[in-house]
Amino acid sequence: MLTFSFTKFDYMIDEQRRLNENTNKPVPLVQWGSYLSERQWATVREDYSADGDAWHYFPFDHAHCRVYRWGEDGLAGISDYYQNLCFSIALWNGKDEILKERLFGLGNFEGNHGEDVKELYYYLDNLPTHTYMQYLYKYPQQKFPYELLRTENRNRTKLDPEYEILDTGIFNNNEYFDVLITYAKHDDEDIFIKIDITNHYINEAEITVLPTLFFYNKWQYTPDLIKPSLSLVNKNCVAADHNKLGRHYFYFLNADDRLFTENETNTEIVTGTPNTSVFTKDAFHQAIIQKKNITALRNKKQGTKFAAVYDLNIAAGETKTIYCRLSNNEIKKPFVKDFEHIFQKRKNEADDFYAAILPKEMNKDLTNIQRQAIAGLLWSKQYYHFDVERWLTTSDGITEPSPARLTGRNYDWTHLKNQDIICMPDKWEYPWYAAWDMAFQTISMAVADANFAKHQLLLIMREWYMKPDGQLPAYEWNFSDVNPPVQAWAALQVYYIEQKQTGKNDVQFLKKIFQKLLINFTWWINRKDLKGNNIFEGGFLGLDNIGVFNRSFNYQGSVQLEQADGTSWMGMYALNMMDMAVEIALHDESFEDTATKFFEHFVFIAEALNEHNLWNKDDKFFYDVLNVAGTDPMPLRIRSIVGLTPLFAVSNILSWELDKLQDFKKRIAWFEDYRTKNNKFWPNEERSGDAEILLSLIRKERLLDLLKYLLDENEFLSPGGIRALSKYHLDHPYSTTVDGIAYTIHYDPGDSTSNMFGGNSNWRGPVWMPINYLIIQSIRKYGKFYGDTLLVECPVGSGKQMNLEQVADELTKRVISLFEKDAESNRKVYDTYNWFYKKPENENLVLFYEYFHGDSGRGLGASHQTGWTALVAELISEYGGKL
């Protein structure tokens, strides 16, 4: 774990002081931040169709002219906590048919591998209090290739790679603008905004820039709300009045024009109904591009959407700058002499903050990777609003409520009423939370803001998220789906990160989350162990297409799937709960009994995993088992991370802790004596002298068996980490038949070649960061216990012997290498696009993809998945000095 202290500076770091001020708030967040989504269209919460087809119901082509129901989106934008007032930018290169107000991407049905954003943008910097933020967008000077991207991807098959914007050639000659947006707060309600536009082409180029202020339209669905208003104060100022937010002022310098409209749907385009006014959401598009109604918009002095307009001619290589300011104060001279210094001051504060939390021994490239990973995580905070009961029973004003929806998607989650700031996995591809993504996000978040990390873990346990029976919401496409139960593990990780940072033992946090986790653990026991034999199911468990068939499918009657990973995750969950209870009991002895309870759960689950049919004695590997009435249990002999999940359940207990918890110690001793005398299974328990005890789901011999697969480059070990499916299946596909239907799985190192779960994620060969992080952490725990008494060959066949801590370092090095520059300044993650990222203006830009090609390391899937791929920052902090 990362260890650092702010005390190595002779002064209190400004950002840490601001974070300290947040500590005692009910919600440790500031009023203004990067809370604006990058895609609100085609989300489940905006879908009012009877058939649940969100991608068709609210497509990209409606986003600029149709009002949202549950939130807003924009380009490089910010909003207040409840997203009453939003700011973002719009651009026009003089050629596009619409303004660039938001990021473009393909809907699920348009891409050959599902939905995908088709833009170049980068989260360069951010602070936990959002006092300093930077975002870079690359805007083509030629007409944006909307149709080419759609057509080419539609024409490609699942076997072809995605057609990306860099494939179109539009960036080949540097014919583009860099649009750099920087926010620097004077205080939390007073924000300076700088927009730098750089022309990278060899000729002068024109661009229109529209800094835009707008209100989230809540009034159309709640008629009794007082409608907010933007009104012109003078040629350089607009007032924003909101009955809850109060009055704010938007200041800007030397605009060429000032336009007002209303954030209202253009019904003529969306429904064919004539508009009652020209002042619609898309009026700026018509005014700037078609010069339509521009006089009316110019003469209008108030509205709910406003833009200052800047028409710029920028010479080759030149940068022009626009300044704005959003404040809750009326300021006579908002741009006093040398006001620009605020940006450098906040940049220096950001540098100080990261100098404190990032190791000094890192080279510049590793430091840059870490900082952008954390910046991406902070930029991914988003206002998320969804009241399922209202969504099911009301209309969006376009489609009447459908009876079919009352028994359709999420119909049994009417208690769920979310309106919070949440870290998203990816604000374009996944602009909704996912239970296990959030758990991983909190680990990286804890490095920068432990209080917010704890808040996120507790938030999803609250009664407006957790179902009354204890189930956690998976994600909005199906809240009832099941993600691996990693919340207890994440809570402990966050607890220990904060402990090492500050010396603080936040036992109160552990107590709070432990009580809620008890309810969730009970739900798992009651709902996912159908036979009561501690063999757990769970469906896809976040691993999409990892199985030969859809593991979430409910086979009727005589067919049952027993899952090695479902059982292993529960073994890990029980062990994590025991660890948490032990930690709490060291401070509060009333929790000692619960430590015993979860230890016994762990023993029973370990027995089921090891003594049932899940372990294959011939292959020496764990498999899912298919039970069909009247036949012998059939192991699904697929070498995937499903069979490696037993590695995750490992714990090191110090002897002094047991000595302090005498009742717990005595109960363990009695339980062991009873079971051994009665020839019952006892899990792996080893002692290192009198200092430490190792508990794990699997014994040493099975650990060694699994490591032979894990560390074999012809199996799981790739140049960039551990593959999700063994390369063995490249030449040995696995097939089986269920209910007369034949299913086959083979090694797919790149994009998914199946349509399972939308087809935009692939677990059949690529490298996934969260699984690699879990594997590395688990192997390191084993290594700390065994030391040099246990050596393995790594890689298999190399003749090189390593202890398990060295193995963990080797795996870490491979994962980090995905992002690092090599000797020729190439990064594996960019693969064939390194030509673009070796340009001087792009050489330090890093993207954090959803997953990575199992052979080349190329980034795949969502391109801004700092949700869990930001874990690389923690890996660098923990082990980077050894690289």
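What covers the buried residues of helix α12? Let's start there, and keep in mind that this is a predicted model.

So, find α12, residues 450–459. This helix is mostly covered, with 9 of its 10 residues buried. Those are A450, N451, F452, A453, K454, H455, Q456, L457 and L459. And the cover? It includes two strands, β18 (381–387) and β19 (417–423). It also includes three helices: α11 (435–448), α13 (487–502) and α14 (507–527).

The crossing of the two is left-handed. Who's touching whom? On the α15 side you'll find, among others, M570, G571, A574 and M578. From α16, the residues include F598, F599, F602 and I605. If you sort the residues of this contact by type, you get 15 nonpolar, 5 polar and 1 charged.

You'll spot S79 in strand β2, which spans residues 75–80. Is S79 buried or exposed? Its relative accessible area is 0%, so it's buried. The side chain of S79 has a polar contact of 3.5 Å with the side chain of Q83. Leave aside the neighbours within four places in sequence, and S79 still touches Q31, W32, G33, Y35, L36, L85 and C86.

That's my tour, thanks!

Technical notes: Residues numbered from 1 in each chain as written. Predicted model: local features only at pLDDT ≥ 70, side-chain atom pairs only at ≥ 80, totals over all residues. Heavy atoms only, no water. Helix = DSSP H or I, 4+ residues; strand = E, 2+ residues; numbered from the N terminus. Buried < 20%, exposed > 50% of the residue type's maximum accessible area, 1.4 Å probe, protein only. Polar contact = N/O pair within 3.5 Å; in protein donor to acceptor, adjacent residues only side chain to side chain. Contact = heavy atoms within 4.5 Å. Left-handed = near helix turned anticlockwise from the far one by under 90°. Nonpolar A, V, L, I, M, F, W, Y, C, P; charged D, E, K, R; others polar.
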